[in-house]
Amino acid sequence: MRNACEISWMLAASKTVPKSGRVEQDALQDIQAGRSSTRWFGAGGGALWAAALHSMVRWEERRGTAGGSGPAVLAPSASTMSPPKENVSLLFKLYCLTVMTLVAATYTVALRYTRTVETELYFSTTAVCIAEVIKLFLSVGILAKETGSLTRLITSLKENVFGSPKELLKLSVPSVVYALQNNMAFVALSNLDAAVYQVTYQLKIPCTALCTVLMLNRTLSKLQWFSVFMLCGGVTLVQWEPAQATKVQVEQNPWLGFGAIAVAVLCSGFAGVYFEKVLKSSDTSLWVRNIQLYLSGIVVNLFVVYMSDGAQVLEKGFFYGYTYYVWFVIFLASVGGIYTSVVVKYTDNIMKGFSAAAAIVLSTVASVILFGLQITVTFSLGALLVCISIYLYGLPRQDTTKIQPSETKSSKERLAPV
């Protein structure tokens, strides 16, 4: 889909420390959920680290350059011996899982439908541009709720957006990459079935993993590396003998579609990790960063519209070929993507993996019904391997509750500002 959803999945393992006194509570909840506590880095008061060994939890805040409060140790007590449970019911988690699955599957199938069934084909570049505009307004609305008043909203926009041209320039890099990614998704789904696309697009996982290793100096476990190679093998099987759709009459080029997916997953991995690195380089709000990203994205996509379809847009109109289905696709790409990024924080890696696998199954069923997809043995085996690899990749590491001495280094040494 788009950056908001994909970034939130990665940031679920590395959030910024809130400035309030809820740091210990949030960190204890992460420890209880099996997520590593080494991800808490203070924005202005120094680096904050935590380690949990059986029932003992110890906190220490090192003095930072912006006036840190100095060492502060939370000794084991009744509250730390039994961390508080998350106030999220199983029913709500299932709701979040359903939302993620339906948005991912429906977006892929609906986009494929609009590119193969509609008689008057719309300009995909304009659809990507409109989705960016909607995301911009949604982010402004969420930032307004976050700031609490119109005055603080205007002040925040003046200081962090309009008064920070360097920051806008910094976010123009992922904007260009995301523009290429989103347009490649339309090219891919114009030439590949929705189910084949859904399976192949999971290559974004190894691409993102490689970028995190190279750009964020992270490491992958042996099981994760094994799952990455398994995923690549599954995608190879899917593409070895592509499933054919008997009800699609438009001309298609499977190799062009696969090439477009390859470009899209590379863009997804790089831009997502780059944006994460930008977020960690300061304590600026996520939604302020999104506004900066979407402003740059609108300019970039307008340029793409002009260069790709400029003459035809002037002749036929910006909204040529738009139907209710096209607007539905734009809705899913914008509103659905941001909503998914909000609810995804209430799920764990296993649920996310299950969501991706369920989206593949739903896309396959929908493709059989709507497009007459003929499922082959290689496609079935490849899709199964991809689903298993996603599950294995999301399994927690065995040492998630331990901290190594090398991990206590300052976050500035590990995450240099972009």
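Okay, let's start with a helix pair: K204, C207, T208, C211, T212 and M215 in helix 9 meet V265, L266, S268, G269, F270, V273, Y274 and K277 in helix 11. By "meet" I'm talking about contact, that is, heavy atoms within 4.5 Å. Helices here are DSSP runs of H or I with at least four residues, strands are E runs of at least two, and both are numbered from the N terminus.

Quick housekeeping before I go on. This is a predicted model, where local features need pLDDT of at least 70 and side-chain atom pairs count only at pLDDT 80 or more, while totals for chains, interfaces and linings use all residues. Residues are numbered from 1 along each chain as its sequence is written, and side-chain values use heavy atoms, with hydrogens and water left out.

Back to that pair. Sorted by class, the contact of helix 9 with helix 11 has eight nonpolar, four polar and two charged residues. The classes go like this: Ala, Val, Leu, Ile, Met, Phe, Trp, Tyr, Cys and Pro are nonpolar, Asp, Glu, Lys and Arg are charged, and the others, Gly among them, are polar.

Now the geometry. Two packed helices are described by the angle between their axes and the distance between the axes. For helix 9 (residues 204–215) and helix 11 (residues 254–280), the axes come within 8 Å and cross at roughly 40 degrees, which makes helix 9 oblique to helix 11. The axes are lines fitted to C-alpha atoms, for helices over the stretch in contact, with angles from 0 to 180 degrees between N-to-C directions. Under 35 degrees is roughly parallel, over 145 roughly antiparallel, 65 to 115 roughly perpendicular, and the rest oblique. This crossing is right-handed; that's the near helix turned clockwise from the far one by less than a right angle, with anticlockwise being left-handed.

N217 sits in the loop between helix 9 and helix 10 (222–240), and its phi is near 55 degrees, a positive value in a residue other than glycine. Most residues other than glycine have a negative phi. N217 is also exposed, with a relative accessible area of 54%. For that scale, buried is under 20% relative accessible area, exposed is over 50%, and partly exposed is in between, using a 1.4 Å probe and protein chains only.

So which residues bring helix 4 and helix 13 together? Let me place the helices: the axes of helix 4 (residues 90–116) and helix 13 (residues 324–343) come within 9 Å and cross at roughly 155 degrees, so this pair is roughly antiparallel. The crossing is left-handed. Helix 4 contributes Y95, C96 and V99, among others, and the helix 13 side includes Y325, V326 and F328. That contact splits into 17 nonpolar, four polar and no charged residues.

Leaving out residues up to four places away in sequence, G317 touches F123 and Q312. F123 is 194 residues away in sequence, yet the C-alpha to C-alpha distance is 9.7 Å.

Last, the whole protein. There are 16 helices and four strands, and buried residues make up 51% of the 418. Among contacts between residues at least 6 apart in sequence, 82% join residues at least 24 apart.
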